[in-house]
Amino acid sequence: MSALDVRSVAVGVSPGRRLPQLFLGLVLYGTSMAMQIEAALGLAPWDVLHEALHERTGLSFGTVTAITSVGVLLCWVPLRQRPGVGTVANVVVISLAVDAALALLPTPSAVVTRLAFLIGGVLLNGFATAAYIGARLGPGPRDGLMTGLSTRTGVSIRWVRTGIELTVLATGWLLGGTVGLGTALYALAIGPLAQAFLPLVSWRPRAGA
């Protein structure tokens, strides 16, 4: 089976189909982050850093996420990456969604409930990742950093992604972020989950269009 084409497509092409998918995916992504935070069993690498900065600055988790995203976008300049509608929406919508979800979700105490939050959060994150990427309206800041570094250095995406994730994880852990079971589960599961969901939600032009 041929690989899916997830390259960016102009926003004017099928906006009624793609824009709602983009925004739904980003809202679900922020919700999935909140579920993993409330589980308190370990976070995704970037969220380990976000949590550490949240605790140290007193800013909301969503605000820290947005500021970090803007910082990552600045790294796009020397890499000659260009943001799309999805890139900007990624920064704004996810930060708002994670704060809203944290305000609405209960904080579970029972281990079984916390595990359910963790597993559900990782599964939802995989679907949400596929949804916003599949809308093909521009990569998120971190995705663009990965592809930009790979293009400019000639190093494979796999190794660039691994290097970024390990660097962010180590920095967040040293600053006091939560590393645990959830961190390992996310690292192992998110790639296969996103890949499994992507064919189900990826936008494709109609034949003959």
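This is a predicted model: local features need pLDDT of at least 70, side-chain atom pairs count only at pLDDT 80 or more; totals for chains, interfaces and linings use all residues.
Setting aside residues within four places of it in sequence, leucine 22 is in contact with Val85, Gly86, Ala89, Tyr132, Ala135 and Leu137.

**The largest nonpolar core**

Which residues touch the most other members of the largest nonpolar core? They are Leu22, Leu26, Tyr29, Met33, Val98, Val122 and Tyr186, in a core of 31 residues. Colour the helices that contribute to this core: α1, α5 (85–104), α6 and α9 each supply at least two of its residues. The greatest contribution comes from α1, which gives eight residues. In soluble globular proteins, nonpolar side chains tend to be buried together.

**Two aromatic pairs**

The structure holds two aromatic pairs. For one of them, select tyrosine 29 and tyrosine 132. Why is this pair described as edge-to-face? The ring centres of tyrosine 29 and tyrosine 132 are 6.0 Å apart and the planes meet at 75°; because planes over 60 degrees apart count as edge-to-face, the pair falls in that class. Follow the chain between the two residues: tyrosine 29 belongs to helix α1 (residues 15–39) and tyrosine 132 to helix α6 (residues 111–134), so the pair links distant parts of the chain, 103 residues apart. Tyrosine 29 and tyrosine 132 are both buried.

For the other pair, select phenylalanine 127 and phenylalanine 197. Their arrangement is edge-to-face, with 5.4 Å from centre to centre and 90° between the planes. Phenylalanine 127 is in helix α6, whereas phenylalanine 197 is in helix α9 (residues 181–201), so this pair ties together parts that are 70 residues apart in sequence. Show the surface here. Phenylalanine 127 has a relative accessibility of 27% and therefore counts as partly exposed. Phenylalanine 197 is also partly exposed, with a relative accessible area of 23%.

**Arginines over tryptophan rings**

Select arginine 18 together with tryptophan 203. Arginine 18 lies over the face of tryptophan 203, at 5.0 Å from the ring centre. Now select arginine 142 and tryptophan 46. Here arginine 142 lies over the face of the tryptophan 46 ring, and the distance to the ring centre is 4.7 Å.

With neighbours within four places in sequence left aside, serine 69 is in contact with Val91, Pro141 and Arg142. Is serine 69 buried or exposed? Its relative accessibility is 2%, so serine 69 counts as buried.

**Helix α8**

Move to valine 160, in helix α8 (residues 157–174). At 9% relative accessibility, valine 160 counts as buried. Not counting residues up to four places away in sequence, valine 160 touches Met146, Leu149, Ser150, Thr153 and Val155. To judge the distance across the model, draw a line from the C-alpha atom of valine 160 to that of glutamine 21: the two are separated by 28 Å and lie 139 residues apart along the chain.

**Two loop residues**

Select alanine 40, in the loop between α1 and α2 (45–57). Although alanine 40 is not a glycine, its phi is positive, at about 55°. Its relative accessibility of 45% means that alanine 40 counts as partly exposed.

Arginine 80 lies in another loop, between α4 (76–79) and α5. Arginine 80, likewise not a glycine, has a positive phi of about 60°. With a relative accessibility of 66%, arginine 80 counts as exposed.

**The whole protein**

Finally, zoom out and show the entire chain as a cartoon. How many helices and strands does the protein have? There are nine helices and zero strands. The radius of gyration is 17 Å, close to the 17 Å that the globule rule gives for 209 residues, so the protein is as compact as a globular protein of that length. Along its principal axes, the C-alpha trace spans about 55 × 35 × 30 Å.

Buried residues make up 44% of the 209 residues. Of the contacts with a separation of 6 or more, 82% are between residues 24 or more positions apart. With the surface displayed, the accessible area is about 10,700 Å², and 69% of this belongs to carbon and sulfur atoms.

How values were computed
Residues are numbered from 1 along each chain as its sequence is written. Side-chain values use heavy atoms; hydrogens and water are left out. Rings of Phe, Tyr and Trp (its six-membered ring) pair if their centres lie within 6.5 Å; planes under 30 degrees apart count as stacked, over 60 as edge-to-face and the rest as tilted. Helices (H or I, at least four residues) and strands (E, at least two) are DSSP runs, numbered from the N terminus. Buried means under 20% relative accessible area, exposed over 50%, partly exposed in between (1.4 Å probe, protein chains only). A charge sits over a ring if NZ of Lys or CZ of Arg is within 6 Å of the ring centre and within 35 degrees of the ring normal. The radius of gyration is taken over C-alpha atoms; the globule rule is 2.2 Å times the number of residues to the power 0.38. Contact means heavy atoms within 4.5 Å. Accessible areas come from the Shrake-Rupley method with a 1.4 Å probe; for residues, only the protein chains shown count as cover. A nonpolar core is a set of buried Ala, Val, Leu, Ile, Met, Phe, Trp, Tyr and Cys residues joined through side-chain atoms within 4.5 Å.
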